Amino acid sequence: MKLDSYWLDTAPPFLDGQQGPLEGGAEVVVIGGGFTGLSAALELGRRGIPVTVLEAGRIAGEASGRNGGQCNTGLAHDYAALAERIGADKARDFYRAYENAVATVASIVSEEKIDCDFFRGGKIKLAAKPQHFDKLARTYDSLVRNVDPEVELIPPERIREEVGSDGFYGGLVQRNGAQMHMGKFGV
Ligand SMILES: Cc1cc2nc3c(=O)[nH]c(=O)nc-3n(C[C@H](O)[C@H](O)[C@H](O)COP(=O)(O)OP(=O)(O)OC[C@H]3O[C@@H](n4cnc5c(N)ncnc54)[C@H](O)[C@@H]3O)c2cc1C
């Protein structure tokens, strides 16, 4: 049995499409109405190129409508270790690519007036052990010096204010990350 996600269960229906075979021709066809295909179609449409999206199931009905709703800045990797491995310039470019991606989503939401609860709630990396905090502190130093002066290190004694729990040993907060309703964004 295939279950719908919360996003799909609570998204309004997609009303602009039609079912059945494609009648006549189309100048450009995009196959797949997930975020990859929809972004391509939007960009083509904005350039005045007529585009048809073919979707086998539901718009944003697969990974795009079944994900965590996170639109995050920052890397999954430890930034300090990454900068050591690939060099400060490449690591900075990598980090900024994420920032730009979130900014792109924010501008699509605003320009297309998409009501999808887009909210810059930020992202926190938590230290589950005391030694994790030392690593976060090194990452914080590297981020602030090289690429993101707004990142914030939360010491153990302030972590309850941030997450309502004493179960962690501090954290690293990146305020630019966002969350949104993926189903509403897709349709
Ligand atoms: C559990 C999970 C959690 C995730 N959490 C996050 C997150 O929090 N933040 C984040 O940024 N990313 C997250 N991701 C990743 C993100 O969801 C995907 O990278 C993104 O949705 C991929 O979009 P897509 O358009 O490439 O693929 P899809 O959304 O899968 O779209 C592909 C579409 O193509 C259609 N299709 C396929 N073949 C055909 C065909 N032959 N003809 C017509 N249609 C076809 C499918 O039906 C589908 O609708 C998560 C992914 C998963 C699985």
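Contact here means heavy atoms within 4.5 Å. This is a predicted model, in which local features need pLDDT of at least 70 and side-chain atom pairs count only at pLDDT 80 or more, while totals for chains, interfaces and linings use all residues. Residues are numbered from 1 along each chain as its sequence is written, and side-chain values use heavy atoms, with hydrogens and water left out. Helices (H or I, at least four residues) and strands (E, at least two) are DSSP runs numbered from the N terminus. Buried means under 20% relative accessible area, with a 1.4 Å probe and protein chains only.

**Helix α3 (residues 79-86)**
- Ala80 lies in helix α3 and counts as buried at 17% relative accessibility.
- Not counting residues up to four places away in sequence, Ala80 touches Arg138, Thr139 and Ser142.
- Ala80 and Gly57 are 23 residues apart in sequence, and their C-alpha atoms are 42 Å apart in space.
- Leu82 is also found in α3 and is buried, at 3% relative accessible area.
- Leaving aside neighbours within four places in sequence, Leu82 is in contact with Leu75, Gly87, Ala91 and Phe94.
- From Leu82 to Phe94 there are twelve residues in sequence and 9.7 Å in space, C-alpha to C-alpha.

**Helix α2 (residues 35-46)**
- The end C-alpha atoms of α2 are 16 Å apart, which agrees with the 16 Å that its twelve residues should span at 1.5 Å a residue (the expected span is 1.5 Å times one less than the number of residues).
- Phe35, Gly37 and Ala41 are the buried residues of α2.
- These residues cover an arc of only 160° around the axis, which puts them on the same side of α2; the arc is that of the directions from the helix axis to the C-beta atoms.
- The packing partners of the buried α2 residues are β1 (28-31), β2 (51-54) and α7 (182-186).
- Gly48, which follows α2, has a positive phi near 80°.

**Largest pocket**
- A pocket is an open set of points on a 1 Å grid over the protein atoms alone, where a 1.4 Å probe fits, with protein on both sides within 12 Å along at least five of seven lines; lining residues have an atom within 4 Å of a point.
- The largest pocket has a volume of about 1400 Å³, taken as the space filled by probe spheres set on the points.
- Of its 44 lining residues, the closest to the centre are Phe14, Leu38, Val53, Ile59 and Gly186.
- α2 gives the most to this lining, with seven residues.

Notes: Buried < 20%, exposed > 50% of the residue type's maximum accessible area, 1.4 Å probe, protein only.
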